[in-house]
Amino acid sequence: MSNTTIVTIIILVVVFALVIFNYLHKKHIHYNPEDLKKSIDRIFEGKEGQTLPRIEFLKRLRTEYNSSRKDALFLLGKASDNGFIEINGQEIKKK
């Protein structure tokens with residue numbers, strides 16, 4: 001094999017490894033309960049005592065975390081488990 005072929009194979013293996021690492025890293029969302037609380041405070045800023053439709057809340061949560069819909073649903077569940085929000089059907093209310 002020539003040097004060009006070996007270098008090309010090495011570059012392809014490195015690029016492939018980086019793509020796999022990036023995919024696996026983005027697959028696992030990391031969150032901090034304090035940051036989640038602050039994000040929820042920003043979402044409900046100026047809307048104290050009011051409710052938001054679930055779809056609107058998820059859109060704003062996705063924007064705050066720059067995440068996918070699946071990650072936003074995960075964060076919605078964590079926020080509910082931690083007692084930051086109250087879910088009433090399709091309405092979300094800050095506690």
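**Close-up views of a predicted model**

**View 1. Thr8 counts as partly exposed, since its relative accessibility is 39%.** On this scale, buried means under 20% relative accessible area, exposed means over 50%, and partly exposed is whatever falls in between (1.4 Å probe, protein chains only). This is a predicted model, so local features need pLDDT of at least 70 and side-chain atom pairs count only at pLDDT 80 or more, while totals for chains, interfaces and linings use all residues. Residues are numbered from 1 along each chain as its sequence is written, and side-chain values use heavy atoms, with hydrogens and water left out. Thr8 sits in helix 1 (residues 3-27); helices (H or I, at least four residues) and strands (E, at least two) are DSSP runs, numbered from the N terminus. From Thr8 to Glu64 it is 56 residues in sequence and 40 Å in space, C-alpha to C-alpha.

**View 2. Helix 2 (residues 33-43) packs on helix 3 (residues 54-65) at an angle of about 125 degrees, with their axes 10 Å apart.** Axes here are lines fitted to C-alpha atoms, for helices over the stretch in contact, and angles run from 0 to 180 degrees between N-to-C directions. The two helices are therefore oblique to each other: angles under 35 degrees count as roughly parallel, over 145 as roughly antiparallel, 65 to 115 as roughly perpendicular, and the rest as oblique. Helix 2 brings Asp35, Leu36, Ser39, Ile40, Arg42 and Ile43 to the contact, and helix 3 answers with Phe57, Arg60, Leu61, Glu64 and Tyr65; contact means heavy atoms within 4.5 Å. By class that gives 6 nonpolar, 1 polar and 4 charged residues, where Ala, Val, Leu, Ile, Met, Phe, Trp, Tyr, Cys and Pro count as nonpolar, Asp, Glu, Lys and Arg as charged, and the others, Gly among them, as polar.

**View 3. Ser39 of helix 2 is buried, at a relative accessible area of 4%.** Setting aside neighbours within four places in sequence, Ser39 is in contact with Glu64 and Tyr65.

**View 4. Helix 3 meets helix 4 (residues 69-81) at about 105 degrees, with axes 9 Å apart.** That makes helix 3 roughly perpendicular to helix 4. Arg54, Phe57, Leu58, Leu61, Arg62 and Tyr65 come from helix 3, while helix 4 supplies Arg69, Ala72, Leu73, Leu75 and Leu76.

View 5. Phe44 and Phe57 are tilted, 5.8 Å centre to centre with 40 degrees between the planes. Rings of Phe, Tyr and Trp (its six-membered ring) pair if their centres lie within 6.5 Å; planes under 30 degrees apart are stacked, over 60 edge-to-face, and the rest tilted. Phe44 lies in the loop between helix 2 and strand 1 (51-53) and Phe57 in helix 3, so the pair ties together parts 13 residues apart in sequence. Both Phe44 and Phe57 are buried.

**View 6. Phe84 sits in the loop between helix 4 and strand 2 (85-88).** With 13% relative accessibility, Phe84 counts as buried. Phe84 and Lys37 are 47 residues apart in sequence, yet 6.6 Å apart in space, C-alpha to C-alpha. Leaving aside neighbours within four places in sequence, Phe84 is in contact with residues including Pro33, Leu36, Lys37 and Ile40.
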